[in-house]
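Subject: Structure for your review

Dear colleague,

Please find below the structure that I am handing over to you. I would be grateful if you kept it open while reading the notes that follow.

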Amino acid sequence: MEFLIHHHGRPIGPYSESEVRNRLLSGAIDPSDLAWHEGASTWAPLSTFPQFASASRPTFPQESSTPPSPVPPPSTFNPPSSPPLSSPSSILNPPSSPSLTAPPSPSSTLNPPSSSSSTSPAPPASSLPSPSSILNPPSSPSPPPPPPPSPLPVLDSKSVGPYTAATLQADERPLHKTTIHWIVLIVPILAAIFTLILIAPIALISSWKDQSWVWLLLVIPVAIITSAVLSVKTSELVITDRRVLIKVGFVRRQTFEMFISRIESVAVSQGMLGRFFNYGTVEIRGTGGSAESFANIVAPLQFRDAIQLVQSQAERR
């Protein structure tokens, strides 16, 4: 059986019977301290528990069982008989007081009553703290609910491109991305074909004159097409929950970054072919009046709508 003990106004324990007995013998706790064990209806002093009665009494050597022989009084004086002497055990260990009907609250030892209220009755036992609340303290309040989910699905940071992945902050989330439309490859392809038409006859004539190095000029149309393809593949247009990140171009790079809160307007321009093939020009204007235009963007209307959706979500926070 384990015991909870109120010592000097604060609960300690729980302790087993042997631990309570050792603490009583060492003076760490007092027999007058209140104690409670599982199944008890109220707190009671330790001195009222039979198993601790011996631990709270000091031991004394036993007196001799043989009483001394009485001395005969003088024949000439007959003093009055004195009342019988009390036994040493009754003097050292007076009878215990009757059991407490309502033990005082442990807090009364920390805040003693004033002289004017010294005659007031002891507080009821119901004012003592519940032992279950000491053994099982209330849990900490639950954390606040998480913020509302983003209106757009969060993208994987590895799928947005190396430039954006290196620029993202620790708690920044990419929400939308697009790229440059393939329509931009038409002009480089036509230029490469025209260059090939010019170089091929010159290379044939030069090969008849043992000038085969002219065939190296075929690298020019190949470089034109390769540069255009890389420019499309490496372009990154990403909207996060904080910024708009744009990087276009391979040989000649153009980068743009602006916080969502600083964007004042987003304009979209589409011609007939743009509406048919779903591409166009996006112009982003900041609060300071500066504007940046990016042409031939895939799905420009969805790009604009994503910016406005993130802006409205940020304003509600």
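The structure holds five salt bridges. Please bear in mind that this is a predicted model.

Are the two partners buried or exposed? R243 has a relative accessible area of 7%, which is under 20%, so R243 counts as buried. E172 is buried as well, at 6% relative accessibility. The pair also belongs to a network of salt bridges that links E172, R243 and E257.

A second salt bridge is formed by D241 and R173, whose closest N and O atoms are 3.5 Å apart. Here too the pair links distant parts of the chain: D241 sits in the loop between β6 (236-240) and β7, and R173 in the loop between α5 and β5, 68 residues apart. D241 is buried, with a relative accessible area of 12%, whereas R173 is partly exposed, with a value of 28%.

A further salt bridge involves R304 and D305, with the closest N and O atoms 3.3 Å apart. R304 is partly exposed, at a relative accessible area of 25%. D305 also counts as partly exposed, at 39% relative accessibility.

What else surrounds E172? Leaving aside residues up to four places away in sequence, E172 touches T167, T240, D241, R242 and R243. The side chain of E172 makes a polar contact of 2.8 Å with the side chain of R243. T240 is 68 residues away from E172 along the chain, and the C-alpha atoms of the two are separated by 6.8 Å.

Which side chain of opposite charge is nearest to K247, and how far away is it? The nearest one is E236, at 4.4 Å. A salt bridge requires a distance within 4 Å, so K247 is buried yet has no salt bridge. The side chain of K247 does reach the backbone oxygen of T234, at 2.7 Å. Not counting residues up to four places away in sequence, K247 touches Y163, T234, S235, E236, R253, Q254 and T255.

Four strands form an open sheet in the order β2-β1-β3-β4, and their pairing is antiparallel. Strands β2 (10-16) and β4 (44-45) stand at the edges; each has a single partner strand, so one side of each is left without a neighbour in the sheet.

Strand β1 (residues 2-7) pairs with β2 in the antiparallel sense over five bridges. Within this pairing, F3 has Y15 in β2 as its bridge partner, and H7 stands opposite R10 in β2. The hairpin of β1 and β2 has two residues between the strands, and H8 takes a positive phi near 60° there. Helix α1 (residues 17-26) lies across β1 and β2 and runs at about 120° to β2.

Finally, some figures describe the protein as a whole. Its secondary structure comes to nine helices and eleven strands. Of the 317 residues, 28% count as buried. Among contacts between residues at least 6 apart in sequence, 52% join residues at least 24 apart.

Yours sincerely,

A colleague

Definitions and conventions:
Residues numbered from 1 in each chain as written. Predicted model: local features only at pLDDT ≥ 70, side-chain atom pairs only at ≥ 80, totals over all residues. Heavy atoms only, no water. Buried < 20%, exposed > 50% of the residue type's maximum accessible area, 1.4 Å probe, protein only. Lys, Arg positive; Asp, Glu negative; His and termini not counted. Polar contact = N/O pair within 3.5 Å; in protein donor to acceptor, adjacent residues only side chain to side chain. Contact = heavy atoms within 4.5 Å. Pairing = 2+ DSSP bridges. Axes fitted to C-alpha atoms, helices over the stretch in contact; angles between N-to-C directions.
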